Each structure stands twice: as C-alpha cells, then as structure tokens.
Amino acid sequence: TTFQDGGEEVEDGAVYNVTLKKVQIQQAANKGARWLGGEGDQLPPEHTVRQYETSKIRAIKAGTLEKLVENLLTAFGDADFSYISIFLATYRAFASPRAVLELLLDRFGNLETSSHGEVANLNSLESEMVLRAEIASVLRAWLDQCSEDFREPPDYMCLLKLLDYLKNNMPNSDMESRVQNLLKQFQNQEVEAVDGFCSTSSSDLVDGEELEISNPEEFSSFQDHVVAEQLTYMDVMLFRRVVPYHCLGSIWSQRDKKENKNLAPTVRATITQFNAVTKCVISTILGTRELKIQQRAKIIEKWIHIAHECRILKNFSSLRAIISALQSNSIYRLKTTWMCVSKDILLMYEELSEIFSDHDNYLTSRELLMKEATSKFANLDSSEKENQKKSQKRLQLQKNKGVMQGTVPYLGTFLTDLIMLDTALQDYVEGGLINFEKRRREFEVIAQIKLLQSSCNSYCLIPDQKFIQWFRRQRHLTEEESYKLSREAEAAADTNILSPKSQKSMVKRISTLFLGTDVFTPAKEQPLKSSPVGGSSGESTDSASVSSCEFNHSETEDVCVTPVSSPEDPLKKISGYSLSSCSPDSSMSTPSSGVSDKGSGSSKGSIFDAGSGLDSGSIPSRDSGSVPSSAPRVLPVYNRQSEGSCIIRVSMDGLHASVYKSILITNQDRIPDVTQRALLKHNLEPDAVEDYELVQVISEDKELVFPRDANVFYGMNSHVNFDFILRKKA
C-alpha cells in the first residue's frame, strides 16, 4: 500500500485534505505462466501481473459547524475512519452538546424533509434506511465514548430530546432502551464529590475527629508498599473519572473566571489530590518539633521508599508529588537532616528525581510513560547494584501475584501539551471556518489520556480505611508555617554530631544530587490561598507551594510544590512543575522562573501552566488566516523565537503580580495589540490600553520599557526570560 498527497478540495463551507491510497488487489500469473499451468502466488515476480486499485481518502481540514456535523454521516464513505472519535472528543471546544444534537436530529435526522434538504447531497445516502443507520451509528458512538455529555441535571434536555427522536424514528430499539436506562441512572445517581479522597474539610471527617499534625509513630506503622498502594488506589479512582475534554486547552484555560468556578471538576480533583500528597509529605517531616535529626531523616527515607514503591506500581502522579515535596524549599534546605540520609537512599532518590528532569521538554518522563503505558509491569533499571536488587525483588513479588499493573500518569504533562497547542494553533482559519486540523492534533493527546485510563482497569487494589482516614485527618501546613518549622529544625540541629570534614563531603554529595542549570530570579512573593475545589467546606486554607520553573509549563491552580533553593542556600536545583489547587475565587498562579522570597525563603508557583497565561480562554490574536499546511511546522514556545513567533508570559503589576498569562506574539505585533490581549487574558477592560505600559523584566533591578508603538518581537531582549509586566502608567 502506498499513499500520495492529493492536495485539497474546497466546497461551500468546508476544506478537505485529499490522500490517494494505492492498494494491490490481485496478483495473477501472466499469459506465459498460465499456459504452463502456474498459479500467481507461486511464481516469481517476473511471471506475474499485479492489479492495483486507487482510492481517495478525504479528511475534513476546516469547516462550518454544519459541515462538521454533516461529515459525521459521511466520514466512513470518505474513508476518514477516526473522524467521529476525534469530533466527539474535541467538539466541546467550539460547540455545545445541544447545538450538535439539534443539527444532527433536526436538520439531518428529519426524514420527512430530507429529500430536499442537505441530506440529499450526502454521499450515497439515498434511502431512508441508510440514513437512519448512519445516525444510529453516530448516536451509538456518542453514548459509548462521551455519555457524560448528556449529564445535565436537573432537566436533561439533550437526553430527553434524543429519547423523543428514538421513540418516533426507532421505536422499541436497543438504542431507545439504552437511553432510557441512562436517564434513570443519571436521575437516581447521588451527587458524588470527585475530590472525596483528598478533601480535608471537617465535614468529611467522622464525628469527633479533627485535623491533626501527623504522629510520627502512627505514620511509621504503615508499611511502605501499603502507603504506595493506597495513594495509587486514590489516584486511580480520580484519574479514571477524568473527562478528557476537560483537559482541552480552550476549556481548562478558562477555569479562573468567576463564572467557571465549577469548570473541569474532574481535573481539579486530581490536582487537589496531588497537592494533598505533597502537603502530607511536608507535614510528616516538619509537623513535629520534637523530632531529632536522625528521626526526621528516617521519615525522609521512608518517603523515598514509598516513592520507589509508587514507581513499581507505575503511579507517576504520586511519585511526582512526593519528589516535588522533597524538593520543596522547606524540606530541601534541611541540609543537616539530609546528611543523615543513607547513601543508598540518596542514590535511589536521585534516580527517581531524574525521571522528571526538564531536559528536552521532559523527554525522559514522556518516553517512560509511553513505554510503560500498556506494559504489564514497570521496567526498573538502576545504576546502583543494591537498589537494582531491591527493585527486582519487589517487582518479582508483584509478578508472582499474577496481577497486571495499570499506569497513572502525571496529568500536568498532558495539560501542558494541550495548552501549548491551544495557544499556538488558530481556532478559525480563512473564511471563519473551524480549524479541525487543530482538533486532530489535540486528539493525539486526548487519545493518550484515554489509553492510560483504560490501562487503569488492570489495577486490583483494595482500600485500607485506616490509612485513608489517617490521610484525611492530616492538617496541612501553610507555606509560612512549613518554612518557619524548617528554620527551627535546622537551627536546633546539633552540628557537632558531624566532623567538619564529613560535613563538607556530605554537602558536596547533596550538591551533586541537587545541582541544576536554571537561574532563579528573586522576586517579591505573596502568600497563596487555596481551598478544596468542589469540597463541602467553603473555608479556604493556606496553601503550601513552591516555585516551579520549566521550559514548557503546564499551569493548574494556586498551589504547587517544586524544587527551589532559598536565597541563603548555596545549592541550586532545577524545579519541575507540580499540581496545584485553588479556591474557586482565587486566581491562577503559574510557574514562575523560580521565584523565591528573600524574607521568608518560601516560594510559589503553579503546576499546570497548562493554562496559566493560557488560562483565560481563546487567544484573541487568532484572526483569520490561511488553512494550515499539512507540512510539519515548529510550534511557538516560551523563551525561544522561531519562525517569526514566540510565547511570552505577562503578569499584572501589583495585586496580580504572581499570576502570568501566556500570550502568542508574532513579528507583526506592536505594543497596543499585545497590551490589549494581555488585558483580556487578565479579565480586564481591553479599552484601557492607553492606561498601561508593557515592561520586560531583564533582571532583579533592570527592566526594559517599550515605546508606545514598538514592535514587541524585535524590541524584546531574547537573551533573558520572556517575562513581562503590565503596569498602570503613573
């Protein structure tokens, strides 16, 4: 089979990519071979005649909503077999379920008017029976793949409309029974909080229970593999509930708007759980003042062992949460405590940390995730022999149980990719047509999420209520509290237990583990506030967060724990991005380039930049343009100018200084255009352009102020971070 580019076909309201597919359909003996009685498949090539058939594959590239819905009925005829799945997974970015259902049933499903309507022009749909079968096929796929689209309490208008159509056109069919059962299921289902596992509000606790700082003895009583299994159990339950379209950049990026406080609850729940794990790690290490250095070091060692167990279970979410907590400012700065951690454990910690190295856009973790996505067990390699033996022993125990393991990913990676795609690609192309090529690119990421969700069905984990109740009871330290306790613990450490020589060598070893290449720019910081999303308590709690810095970020909400060294700490560490949660009313904090507070040593950031600057909705700069070429192109990225475009991060001076928005600019954009888009992103009046000035942050004490009509792309300093501030003119 060979493929050939057939160019484009343009119709009224649609543009198609055409591919010619050449397939061998027959191989027969030539005339001489037939005279000798030979068979074609038994003869050498020179004695045979091959027959080929060329077929045309049409894939819609851009179109109006009507054309995209119509294409649902014709896609199979055009040999675009993945179209229905792609459309159903991504249409929420440009249409509502009701709009699509009305087009499908009223315009194309009305059999009485179809003879002189659009359906008359559909490929080969000449009979009523064929049309009914096509619509039934689309509806069946819709119910199979995206039944959550019809969950619209309390009225369920779309489901009732669909049921009415089926009663009139397909009475007593299996489809009708299925829709009736789905309606009953939705109506009878009790409302379940998707973040039930990780909420720490008092209403989630049994009567008489209160939030408490972890008791070291109680925590130590849980075996390492039990803790890892229970964290995995909670992560699996939440990840399987994630609705894939909630992760789309155009959806997730709007979560900070007041009217969208309940947007994407399934994604918010995974973020809340991630933060609960990071805060639990910090509170168990710092929460008890009376701990001796060796006891605190033992708790750190225990968490590293738990992280290793998570690796064996292929739970990359809790693994990343634990590593991020250990790399957080308040834990990282405990140099004396880290000196008491054994060498083997430190090497294990180093290897686990390298999984999330930000080198080459987190290539290591991406490759590992795809490699193990559908594998039965983890593929454990260790450069340290002792760790290798332990890993293989634990892995063999898992294999002996005969139970396959699924894979729980770090969701921030996918949110980052989808946000960057949403920023880099236009929603509409020339003629106001919906850019469906963008949706095909997004579906490549969505398909990976669905694949991993399917793999999670392989887990066979039983909840341990004792641990889950303990986990829920933990009182999380605020960022200020954790840093204060960290300083107290370090000050109280008996530095005489180690000789100057051993201290020097241990610091050198720790430095080797934590050494990074990023330069962190000190900046003022304000305390973050966060509350459980969708939780039963409206009370917000202080969030412990640490700055994150990475090349392509994925932004989430306000709390994130990532490595950063305090200004007084000579050690430096590259930070990765981590998940965060925010109260419905709080703004999104996105990963900053290692922002740390000189006064407190605390820092903050956010994990899924998957939306940070990208978070406020569609990109205003997406005007009309030509239909995207099928040739590969380099997408614009942060901190690098390529092909006349790049992505910058703009924060508001003053109250919103900790929140940035990612904005795509080209070499044609001038200050008024960029300022207007930045104001829109920050939900401010775009007409106030004249009241603001745009400034690029060069260093802690240097800024680049742009003249009013300057070209931002050519005027900016491309040798420093592409970080800008929008400031009201004096």
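Predicted model: local features only at pLDDT ≥ 70, side-chain atom pairs only at ≥ 80, totals over all residues.

**Entry 1**

I started with asparagine 17 and skipped its neighbours within four places in sequence; what remains in contact with asparagine 17 is Gly7, Glu8, Ile57, Arg58, Ala59, Lys61 and Glu437. Contact here means heavy atoms within 4.5 Å. Asparagine 17 sits in strand 2, residues 14-29. I looked up its cover too: the relative accessible area of asparagine 17 is 15%, so it is buried. (Buried is under 20% relative accessible area, exposed is over 50%, and partly exposed is in between, with a 1.4 Å probe and protein chains only.)

Residues are numbered from 1 along each chain as its sequence is written, and side-chain values use heavy atoms, with hydrogens and water left out.

**Entry 1: the whole protein**

I counted up the elements: 25 helices and 12 strands. Both are DSSP runs numbered from the N terminus, helices being H or I with at least four residues and strands E with at least two. Of the 730 residues in the protein, 55% are buried.

Next I checked contacts between residues at least 6 apart in sequence, and 74% of them join residues at least 24 apart. The accessible surface is about 32100 Å², and carbon and sulfur atoms own 49% of that. Those areas come from the Shrake-Rupley method with a 1.4 Å probe, and for residues only the protein chains shown count as cover.

**Entry 2: covered helices**

How many of the 10 residues of helix 2 are buried? I get 9 for helix 2 (residues 65-74), so it is largely enclosed by the rest of the structure. Among the buried ones are Lys67, Glu70 and Asn71, along with Leu65 and Val69.

Helix 3 (residues 83-90) is mostly covered as well, with 7 of its 8 residues buried. The buried set is Tyr83, Ile84, Ile86, Phe87, Leu88, Ala89 and Thr90.

Then I looked at what helix 3 packs on. Its partner is helix 20 (residues 436-455), at an angle of about 85° with the axes 9 Å apart. (Axes are lines fitted to C-alpha atoms, for helices over the stretch in contact, and angles run from 0 to 180 degrees between N-to-C directions.) Helix 3 and helix 20 are therefore roughly perpendicular. For that word, 65 to 115 degrees is needed; under 35 is roughly parallel, over 145 roughly antiparallel, and the rest oblique. On the helix 3 side, the residues that touch include Tyr83, Ser85 and Phe87, while helix 20 brings Phe436, Arg439 and Phe443, among others.

Helix 19 is mostly covered, with 14 of its 14 residues buried.

A reminder first: most residues other than glycine have a negative phi, and most peptide bonds are trans. The bond from proline 153 to proline 154 is cis, with omega near 0°. Proline 154 is in the loop between helix 5 (128-146) and helix 6 (157-169).

Tyrosine 156 is found in the loop between helix 5 and helix 6, and its phi is positive, near 55°. Is tyrosine 156 buried or exposed? It is buried, at 5%.

Lysine 314 also has a positive phi, near 60°. Its place is the loop between helix 12 (293-312) and helix 13. Lysine 314 is buried, with a relative accessible area of 0%.

Serine 324 is part of helix 13 (residues 316-326) and is buried at 3%. Its C-alpha is 6.9 Å from that of threonine 278, 46 residues away along the chain.

Asparagine 683 and aspartate 256 are 427 residues apart along the chain, yet their C-alpha atoms are separated by 9.6 Å. Asparagine 683 is partly exposed, at 41%.

**Entry 3: cysteines**

How many disulfides does a search of the whole structure find? It finds 0, taking a disulfide as a pair of cysteine sulfur atoms within 2.5 Å. Cysteine 146 counts as buried at 10%, and cysteine 340 as partly exposed at 25%.
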